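Subject: Handover of a structure, with notes

Dear colleague,

Please find below the structure that I am handing over to you.

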Amino acid sequence: MSSLMADIVVVGAGHAGCEAALAAARLGQRVVMVTMRLDHIGRLSCNPAVGGLAKGNLVREIDALGGAMAKVADACTIQFRRLNTRKGLAVQSSRAQVDIDLYPQTMRAEIESCAGIELISDEVVDLQVDGTRVTGVVLGSGSIVQSRAVILTTGTFLSAVMHCGQEQVSGGRVGDISASQLSSRLLSLGMRLGRLKTGTTPRLDGRTIDWDRVEVQDETLPEGHFSFDPPKSRLPQIDCHIAYTSEKTHQIIRDGLDRSPLFSGQIEGRGPRYCPSIEDKIVRFAERDRHQLFLEPEGLNTHRVYVNGLSTSLPVDVQLAMVRSIPGLEKAEILQAGYAVEYDFADPRDLNHGLEHEQIQGLYFAGQVNGTSGYEEAGVQGLIAGASAALGEPFRLGRDQAYAGVLIDDLVTRGVGGEPYRMFSSRAEHRLLLREDNADRRLMPLGRKVGLVADDAWARFEVKKAAIEAARAWCDATQVRPNAATAKRFVDAGLSVPKKPLTVSELIRRPQLHWRDIEKLVDGAPDLDASTAEQVETDLKYAGYLSREESRAAKTRKMESVRIPEDMDFVFSGISSEVAERLRAARPETLGAAARLPGVTPAAIDIIAVLLARRKVG
């Protein structure tokens, strides 16, 4: 039996595994990355897209911390969109359609070019544990990899079963086998495992779609990108299209429900409530006469089309009838049928904020194995786990610092609540501070401090930061006076003339004015690139709101600094037995964590705060 040595073993090479390995290697660790198939590194298992509402913020945060997802996505983007542009900046986000074949190739190249990462094609079948510390892994080949830390990023593969109608096949994804031995090992170590379900849609042959009968999806942003280091070249951009189900579609689905594993009891795991199967939609929203679908080409060199919104595990014959009842798809051919995957997940409430297991030192969990959904949630967990394992302590981000901080705090304090966790802007109480545009200013200094951010990225950031500070100083110092020359410029631009002298900072707070307008209206305006101009404009327009939000965040941080003793039993006058039981079960470390627990009232928090203050005084 052969034996290898490493600092850290990463199990799995999906989005969490890739970011974990890269983060640990950047921090000087020797990493062994074990995956069943090298050609599936960074594979897009479901939809061919990166980002989305709140998810785009996570992608930018990964980039600000030196991760790879944003750069890889930019290199493979075939359509870029900015979402929620009719709403405020706090809830706007980006989404990129990416080439499904090029993305994993590019991510694999990123992994292979990173010093300190060794790839092994094998299956991890066992963990080596000495008392309460992990010491390595056992491979299917019989080899042992000894290490001081192991990061499990097994996705949907633990005891995974794929369902399509009554057909059941072992595996976590088409073309990949299930990891049942590892699941059994986790149970033997006393870990809490649950069962969840996810699903995917039929893939169609684009040559059989009547494109003239479906809508073109507009409002794209061809120059858009995720990374703070813009791509030097772009792939050709393509159109996505919109289609709609019909009443005939709904009747076909209703008639086939008795053959659906979701409704027959064949599937036990709960699916994502916010990304339901088409069967769920028809049953839960029976009053709707149609549902919107997005026809998303999977790449530039394939005819495969992903039907976003049509996730299903109905039998293949029902799927074909369903697809052909949709206007524009009457002659469509299915290249790959949709299916559901049921899999084990580990309860994230057993982890600390660095995603290390509380009972087994050196054992980390990241990605869908923690009950999350989505590439972006997985990627940022991998980065945090990789950095934490390398540093030997939690690399912790606050809820007021990053969506990543919100995500991980939710997981380790609340768990997933019986369904896959998905990131939403509504989960972030300080979302005005956590915008996409300022992810670099929020996180690059933190990443640089621990060694995650490379020299070239830091140099670019410092130049940008200096330009922002200089531009804001110019705006504060420069006055616009309502003289004849000024009046002419404003009238020519179709704007109302100021009635009194205003600084540029005051002027730009007008909703209709943007930085490019300032350049035309005021002499001597600094020449800023689009990203820097956006930061300056946002800082000035929302100064009042941002100041109030910072004050709220400071109060939150104060609550986070108040530690709750481990021996507190929470049996106090004024706290109900139900609330006390919730607190005892969760064992929150801080007053802030206690306040975020479901069902824990503000009144109970006030009582605990008073008692803790008395303890401190006493």
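**Helix α1**

Over its 12 residues, helix α1 (residues 15-26) should span 16 Å at 1.5 Å a residue, and the 17 Å between its end C-alpha atoms agrees with that; the expected span is 1.5 Å times one less than the number of residues, and helices (H or I, at least four residues) and strands (E, at least two) are DSSP runs numbered from the N terminus. This is a predicted model, in which local features need pLDDT of at least 70 and side-chain atom pairs count only at pLDDT 80 or more, while totals for chains, interfaces and linings use all residues. Residues are numbered from 1 along each chain as its sequence is written, and side-chain values use heavy atoms, with hydrogens and water left out.

α1 is mostly covered, with 11 of its 12 residues buried, where buried means under 20% relative accessible area, exposed means over 50%, and partly exposed lies in between (1.4 Å probe, protein chains only). Among those buried residues are His15, Cys18, Glu19 and Leu22. After α1 comes Gly28, whose phi is positive, near 85°.

**Helix α13 and its partners**

α13 has 23 residues and reaches 33 Å from its first C-alpha to its last, close to the 33 Å expected at 1.5 Å a residue. Its buried residues include Trp458, Phe461, Ile468 and Trp474, and the buried residues of α13 pack against α12, β24 (502-503), α15 (504-507), α16 (515-521) and α17, contact being heavy atoms within 4.5 Å.

Helix α12 (residues 439-450) and helix α13 (residues 455-477) pack at an angle of about 140°, with their axes 11 Å apart; the axes are lines fitted to C-alpha atoms, for helices over the stretch in contact, and the angles run from 0 to 180 degrees between N-to-C directions. The two helices α12 and α13 are therefore oblique to each other, given that angles under 35 degrees count as roughly parallel, over 145 as roughly antiparallel, 65 to 115 as roughly perpendicular and the rest as oblique. α12 passes α13 in a left-handed crossing, a term that applies if the near helix is turned anticlockwise from the far one by less than a right angle, with right-handed used if it is clockwise. On the α12 side the contact is made by Asp440, Arg441, Met444, Pro445 and Arg448, which meet Asp455, Ala457, Trp458, Phe461, Lys464 and Ile468 in α13. By class, the residues of this contact of α12 with α13 are six nonpolar, no polar and five charged, where Ala, Val, Leu, Ile, Met, Phe, Trp, Tyr, Cys and Pro count as nonpolar, Asp, Glu, Lys and Arg as charged, and the others, Gly among them, as polar.

The axes of α13 and helix α17 (residues 530-541) come within 10 Å and cross at roughly 45°, which makes α13 oblique to α17. This crossing of α13 and α17 is right-handed. Here Lys464, Ala467, Ile468, Ala471, Arg472 and Cys475 in α13 meet Ser531, Thr532, Gln535, Val536, Asp539 and Leu540 in α17, and the contact of α13 with α17 has six nonpolar, three polar and three charged residues.

**Single residues**

Most residues other than glycine have a negative phi. Phe570, in the loop between α18 (543-560) and α19 (577-586), has a positive phi, near 65°, and is buried, with a relative accessible area of 0%. Arg587, in the loop between α19 and α20 (591-595), also has a positive phi, near 50°, and is partly exposed, with a relative accessible area of 33%.

Asp350 lies in the loop between β21 (340-346) and β22 (363-365) and is buried at a relative accessible area of 15%. Leaving aside neighbours within four places in sequence, Asp350 is in contact with Arg192, Glu356, His357 and Glu358, while the C-alpha atoms of Asp350 and Lys331, 19 residues apart along the chain, are separated by 50 Å.

Not counting residues up to four places away in sequence, Ile334 touches Pro202, Arg203, Leu204, Gln319, Leu320 and Val323.

With best wishes
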